[in-house]
Amino acid sequence: MGIVGNPTDARFIQDAFIRLQRDYPWDYAYEEDDLLPEGWSFLGSGMYRAAFRSPDGVCYKVEKNPGSGYGQTNEEEFDNYLNLVRSVTMPEGTRLPAYTFYETGMREGYDGQMHKLGVSAMECIEGKTLSDMEDEGEEGPDDWAIIGKLNRACRLSDIHRGNVMYDGTDYVLVDIGA
Ligand SMILES: Nc1ncnc2c1ncn2[C@@H]1O[C@H](COP(=O)(O)OP(=O)(O)OP(=O)(O)O)[C@@H](O)[C@H]1O
Ligand SMILES: [Mg+2]
């Protein structure tokens with residue numbers, strides 16, 4: 001797997017997100033493409049991260065609440081990923097995305113302290129999460145079989161249907177948080 005993304009775009013979206021979040025604290029606002037930098041779009045968000053697609057089709061994830069002490073940082077998540085790549089054979093029909101981590105500077109967190117920031121750059125999966133498939137009434141796979149297989153192989157604590165995307169061939173674990 002090659003390098004995903006580049007440090008310039010990682011820093012760019014980190015800075016753009018900090019400005020955006022000041023004016024629009026709620027994620028649903030990011031669905032309005034004209035709020036985002038030209039050529040960028042919003043892919044989705046969870047408790048900890050917001051994911052954006054760059055003009056050249058890379059998924060960049062920024063941390064929403066640095067310093068909250070809540071959830072793992074992007075750097076910690078990338079560490080989980082490297083451990084999996086080294087030590088786990090992914091179950092048949094599932095895979096990990098290509099993934100690169102970029103340090104992007106410092107930011108004052110909720111606690112008033114400065115925190116090291118990092119952005120995750122991931123292969124952008126063209127598809128939906130298992131939960132979106134269900135919400136949209138699509139004929140889905142056996143979610144629990146897939147979640148079960150991923151849990152047994154990866155031993156992470158945050159494997160749920162919002163963290164697995166179907167790319168038309170494989171189920172891809174896009175959130176490697178623990
Ligand atoms: N590689 C990717 N390609 C396309 N979309 C993605 C990708 N990674 C994440 N997304 C979208 O962004 C959303 C949020 O990403 P992610 O799950 O990493 O955030 P999180 O805050 O860590 O989630 P959680 O609340 O599960 O901890 C996903 O549910 C998915 O819709
Ligand atoms: Mg998630």
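What percentage of the 178 residues in the protein chain do buried residues make up? The figure comes to 30%, where a residue counts as buried if 20 or more other C-beta atoms, placed from the backbone, lie within 10 Å of its own, as exposed if 12 or fewer do, and as partly exposed in between. The model is a predicted one, so local features need pLDDT of at least 70 and side-chain atom pairs count only at pLDDT 80 or more, while totals for chains, interfaces and linings use all residues. Residues are numbered from 1 along each chain as its sequence is written, and chains are lettered from A and ligands numbered from 1 in the order in which they are written.

Taken as a whole, the protein chain has four helices and nine strands; these are DSSP runs numbered from the N terminus, with helices being H or I of at least four residues and strands E of at least two. Starting at the N terminus, the order reads α-β-β-β-α-β-β-β-β-α-α-β-β. The radius of gyration is 16 Å, close to the 16 Å from the globule rule for 178 residues, so the chain is as compact as a globular protein of that length. Here the radius is taken over C-alpha atoms, and the rule is 2.2 Å times the number of residues to the power 0.38.

Now for helix α1, residues 7-23. Its 17 residues should span 24 Å at 1.5 Å a residue, and the end C-alpha atoms sit 25 Å apart, which agrees; the expected span is 1.5 Å times one less than the number of residues. Ala 10, Ile 13, Phe 17 and Leu 20 are the buried residues of α1. They cover an arc of only 100° around the axis, which puts them on the same side of α1, the arc being that of the directions from the helix axis to the C-beta atoms. On the face turned away from that buried side are the exposed residues Thr 8, Arg 19, Arg 22 and Asp 23.

What do the buried residues of α1 pack against? Their partners are β2 (49-53), β3 (58-63), β5 (99-108) and β6 (114-123). Ile 13 turns up again in the largest nonpolar core, which has 33 residues; such a core is a set of buried Ala, Val, Leu, Ile, Met, Phe, Trp, Tyr and Cys residues joined through C-beta atoms within 7 Å. Among the residues with the most contacts inside this core are Ile 13, Tyr 60 and Val 119.

How values were computed: Contact = placed C-beta atoms within 7 Å.
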